[in-house]
Amino acid sequence: VNRKYKGHVRNLNSTLILLEIKSPKFYVLGEVQSPGAYEMTSKLNLLDALTLARGYNDSANLKEIVIFRNEGLEKPIAFKVNLKSALKQGNLHANLKIKPADIIFVPKTGLDAFNDLMAKIFSRGLYTILPFVTDYNWNYRIDGNQ
């Protein structure tokens, strides 16, 4: 714009300002059935967002859901939501409004994270390099003689 109108308007210095996002999206990651980017077609809360992601997995840790939001700050802010408690008590955290560009992360439970670690070690990791031998033999005489 500055170059095109340079001959018509003296000292023109135009700035582009984004007034509206035409297709706002939010993101659901982690232990949900369908992680990914979702378009915001209406106002949504946390439960709506998880429903769009087809719900959470059995391995989901509903006590530690994190929502990352960038409010124009240098670093995004994060909200930790105990959805399990909120649903049990009817708490308003379940109605937390989702905004465009929010990232919702549903982590695994501690036990499921441990199970994944054990699977990596024993089926894909260390065990394939250094197999552990677990062969036990027991001899026992029934007649009582040693």
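Predicted model: local features only at pLDDT ≥ 70, side-chain atom pairs only at ≥ 80, totals over all residues.
Modeller: Residues are numbered from 1 along each chain as its sequence is written, and side-chain values use heavy atoms, with hydrogens and water left out.

Biologist: What makes Lys 80 and Glu 64 a salt bridge?

Modeller: Their side chains meet at 3.6 Å, N to O, and that falls within the 4 Å limit. Lys 80 sits in strand S5 (residues 77-81) and Glu 64 in the loop between H1 and S4, so the pair ties together parts that are 16 residues apart in sequence. Helices (H or I, at least four residues) and strands (E, at least two) are DSSP runs, numbered from the N terminus.

Biologist: Why is Lys 80 called exposed, and why is Glu 64 called partly exposed?

Modeller: Buried means under 20% relative accessible area, exposed over 50%, and partly exposed in between (1.4 Å probe, protein chains only). Lys 80 has 57%, so it is exposed. Glu 64 has 36%, so it lands in between.

Biologist: And how do you know that Asp 102 and Arg 69 form a salt bridge?

Modeller: Their N to O distance is 2.6 Å, which passes the 4 Å rule. Asp 102 is in the loop between S6 and S7 and Arg 69 in strand S4, so this pair ties together parts that are 33 residues apart in sequence. The 2.6 Å between these two side chains is also a polar contact, meaning N or O atoms within 3.5 Å, one able to donate a hydrogen and the other to accept it, with sequence-adjacent residues counted only if both atoms are side-chain atoms.

Biologist: Why do Asp 102 and Arg 69 count as buried?

Modeller: Asp 102 has 0% relative accessibility and Arg 69 has 7%. Both values are under 20%, so both residues are buried.

Biologist: What else does the side chain of Arg 69 reach?

Modeller: The backbone oxygen of Lys 97, at 2.7 Å. Leaving out residues up to four places away in sequence, Arg 69 touches Pro 76, Ile 77, Phe 79, Lys 97, Ile 98, Lys 99 and Asp 102, where contact means heavy atoms within 4.5 Å.

Biologist: What makes Asn 61 buried?

Modeller: Its relative accessibility is 16%, which is under 20%, so Asn 61 counts as buried. Asn 61 lies in the loop between helix H1 (46-52) and strand S4 (65-69). A polar atom of its side chain is 3.1 Å from the backbone nitrogen of Lys 63. Beyond its neighbours within four places in sequence, Asn 61 contacts Pro 107, Lys 108 and Thr 109.

Biologist: Which residues touch the most other members of the largest nonpolar core?

Modeller: Of its 20 residues, these are Phe 26, Val 28, Leu 50, Ile 98 and Ile 104. Strand S1 (25-30), H1, S4 and S7 each supply at least two core residues, and H1 gives the largest share, three. A nonpolar core is a set of buried Ala, Val, Leu, Ile, Met, Phe, Trp, Tyr and Cys residues joined through side-chain atoms within 4.5 Å.

Biologist: Which residues make the nonpolar surface patch?

Modeller: Tyr 27, Leu 29, Phe 68, Ile 103 and Phe 105, about 390 Å² together. S1 and S7 give two or more residues to the patch. Patches use residues with over 30% relative accessible area and no salt bridge; like charges are joined within 9 Å, and nonpolar side chains (Val, Leu, Ile, Met, Phe, Trp, Tyr) within 5 Å. Areas come from the Shrake-Rupley method with a 1.4 Å probe, and for residues only the protein chains shown count as cover.

Biologist: Why does Arg 54 count as exposed?

Modeller: At 58% relative accessibility, Arg 54 is over 50%, so the label is exposed. Arg 54 lies in the loop between H1 and S4, and its phi is near 65 degrees, a positive value in a residue other than glycine.
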